[in-house]
Amino acid sequence: MIELTPTGDHPIPFDLSDEQPKTHKDSIAVAANTADLLEEIGGPIQYGDENLHSAAERINDVDKPTVPRHITSTAEAKAASVLIKKFDFQAFADIQQARTFITNKLIQISDCGDPKVELRALELLGKHSDIGLFTERSEITVHHKNSLDLENSIRERIKILLHSDVTDVEPLINELEEKPVQVEDDVPSSEGENERS
């Protein structure tokens, strides 16, 4: 058995102090989670309208400080928790579910009995992307061509723009080296082409 005797010669390798939230959002989340835990282990926390307003101002604080302000009142923390649970959730799993909900709601509103509201609901239904009765559409057709066709098309356009009839020339052979010497032309020719039209 080895005996260890702690001394103060070396500092503890980690910090035992409480972790502080680094952002405004973190401080609100810590307060809301603490209020939920206190309510879970100790009973209900009472809060009023002034706590709701104070928590709403704290959550929506326009000039959020760089150093987070902490919620010190349990009632305000509970109010913040209630507000977060009420408004901070994803209502729809995907865009199709949202589209279906909006369409169904507009169909329901279009039969409410008020002609102005019904007309507006029908107008919005007509503008819906799936229905598209009142939207102007323009169709774009894309023709895919292979690279040889595109190259020939570009060459023809260049010829027309230059107003010249360019024909490819047979390469000259350098008698000393027995290698073909290319004569530069205005329009480069592709491999395998001896004559252009």
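**Notebook: core and helix packing**

I began with the nonpolar cores of this predicted model, and found that the largest has ten residues, namely Ile28, Ala31, Ala35, Ile45, Ala55, Ile71, Ala77, Ala79, Ala80 and Leu83. I then looked up which elements supply two or more residues to this core, and these are helix H1 (24-42) and helix H3 (74-87); H3 gives the most, with four residues. I note alongside this that, in soluble globular proteins, nonpolar side chains tend to be buried together.

Next I turned to the pair formed by helix H4 (residues 95-109) and helix H5 (residues 115-127), which pack at an angle of about 150° with their axes 8 Å apart. Since angles over 145 degrees count as roughly antiparallel, H4 and H5 are therefore roughly antiparallel to each other. I also recorded that H4 passes H5 in a left-handed crossing. On the H4 side the contact is made by Thr103, Leu106, Ile107 and Ile109, and on the H5 side by Val117, Glu118, Ala121, Leu124 and Leu125. Sorted by class, this contact of H4 with H5 has seven nonpolar residues, one polar and one charged.

Finally I looked at the chain as a whole, where I found six helices and two strands, following the pattern α-α-α-α-α-α-β-β along the sequence. Of the 197 residues in the protein, 19% are buried. Among contacts with a separation of 6 or more, 54% are accounted for by residues 24 or more positions apart.

Note on methods
Residues numbered from 1 in each chain as written. Predicted model: local features only at pLDDT ≥ 70, side-chain atom pairs only at ≥ 80, totals over all residues. Heavy atoms only, no water. Core = buried A, V, L, I, M, F, W, Y, C linked by side-chain atoms within 4.5 Å. Buried < 20%, exposed > 50% of the residue type's maximum accessible area, 1.4 Å probe, protein only. Axes fitted to C-alpha atoms, helices over the stretch in contact; angles between N-to-C directions. Parallel < 35°, antiparallel > 145°, perpendicular 65-115°, else oblique. Left-handed = near helix turned anticlockwise from the far one by under 90°. Contact = heavy atoms within 4.5 Å. Nonpolar A, V, L, I, M, F, W, Y, C, P; charged D, E, K, R; others polar.
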